[in-house]
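Hello,

Here is the structure I said I would pass on. My notes follow below it.

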Amino acid sequence: MVIWGIWFENAYFFSTGSATRKAQNIAANRNCVVCNENVEEAVIVEGEVRQLPVAEIPKTAFAVYLKKYGWTLDPERGPVFKVHPHKVIAMPEKLFPAGATRWIFD
């Protein structure tokens, strides 16, 4: 699923409404694939996701999210999730296929 989020501290952070299909899917299965919103510089993250309690959201993540999107990451509007990556694939359109890169995380 394409979702707005931030790559921060070697993980992908995002938020979604608690009643959304995304949140329901996460509750049923913590394995996930997420993609960034920029198709010309596609990044695909495969990993395991979990909802973060507010106390576990890094304080700096709020500033990074605000700088990127112009609004605040707000756990009161929807839960915040963290994807621990197993594999990340980057496919910059202008460099494809030679520029495709894959990272494996332990």
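A compact globule of 106 residues would have a radius of gyration near 13 Å, and the chain has 14 Å, so the two agree. Bear in mind that this is a predicted model. The C-alpha trace covers about 45 × 30 × 25 Å along its principal axes.

The fold contains two helices and six strands. Read from the N terminus, the order is β-β-α-β-β-α-β-β. Among contacts between residues at least 6 apart in sequence, 60% join residues at least 24 apart.

As for the surface, 35% of the 106 residues count as buried. The chain exposes about 6,900 Å², and carbon and sulfur atoms supply 55% of that area. There are 12 positive and 11 negative side chains. The centres of these two sets lie 2 Å apart.

Some local points, starting at the N-terminal end:

- The loop between β1 (5-8) and β2 (11-15) holds Glu9, and Asn10 lies in that loop as well. Glu9 has a phi near 50°, a positive value in a residue other than glycine. Asn10 is not a glycine either, yet its phi is positive at about 60°. Glu9 has a relative accessible area of 54%, so it is exposed. Asn10 is at 55% relative accessibility and therefore also counts as exposed; the cut-off for that class is over 50%.

- The peptide bond between Phe96 and Pro97 is cis, with omega at about 0°. Pro97 sits in the loop between β5 (80-92) and β6.

- Thr101 belongs to strand β6, which covers residues 101-104. Which residues does Thr101 touch, leaving aside those up to four places away in sequence? They are Val88, Ile89 and Ala90. The C-alpha atoms of Thr101 and Ile89 are separated by 5.7 Å, although the two residues are twelve apart along the chain. A polar atom of the Thr101 side chain lies 3.2 Å from the backbone oxygen of Gly99. Thr101 has 32% relative accessibility, so it counts as partly exposed; that class falls between the buried limit of under 20% and the exposed limit of over 50%.

If you open the model, the places I would show you are the loop with Glu9, the cis bond between Phe96 and Pro97, and the contacts of Thr101 with Val88, Ile89 and Ala90.

Regards

How values were computed
Residues are numbered from 1 along each chain as its sequence is written. This is a predicted model: local features need pLDDT of at least 70, side-chain atom pairs count only at pLDDT 80 or more; totals for chains, interfaces and linings use all residues. Side-chain values use heavy atoms; hydrogens and water are left out. Helices (H or I, at least four residues) and strands (E, at least two) are DSSP runs, numbered from the N terminus. The radius of gyration is taken over C-alpha atoms; the globule rule is 2.2 Å times the number of residues to the power 0.38. Buried means under 20% relative accessible area, exposed over 50%, partly exposed in between (1.4 Å probe, protein chains only). Contact means heavy atoms within 4.5 Å. Accessible areas come from the Shrake-Rupley method with a 1.4 Å probe; for residues, only the protein chains shown count as cover. Lys and Arg count as positive and Asp and Glu as negative; His and the chain ends are not counted. The place of a charge is taken as NZ of Lys, CZ of Arg, CG of Asp or CD of Glu. A polar contact is a pair of N or O atoms within 3.5 Å; within protein, one must be able to donate a hydrogen and the other to accept it, and residues adjacent in sequence count only if both atoms are side-chain atoms.
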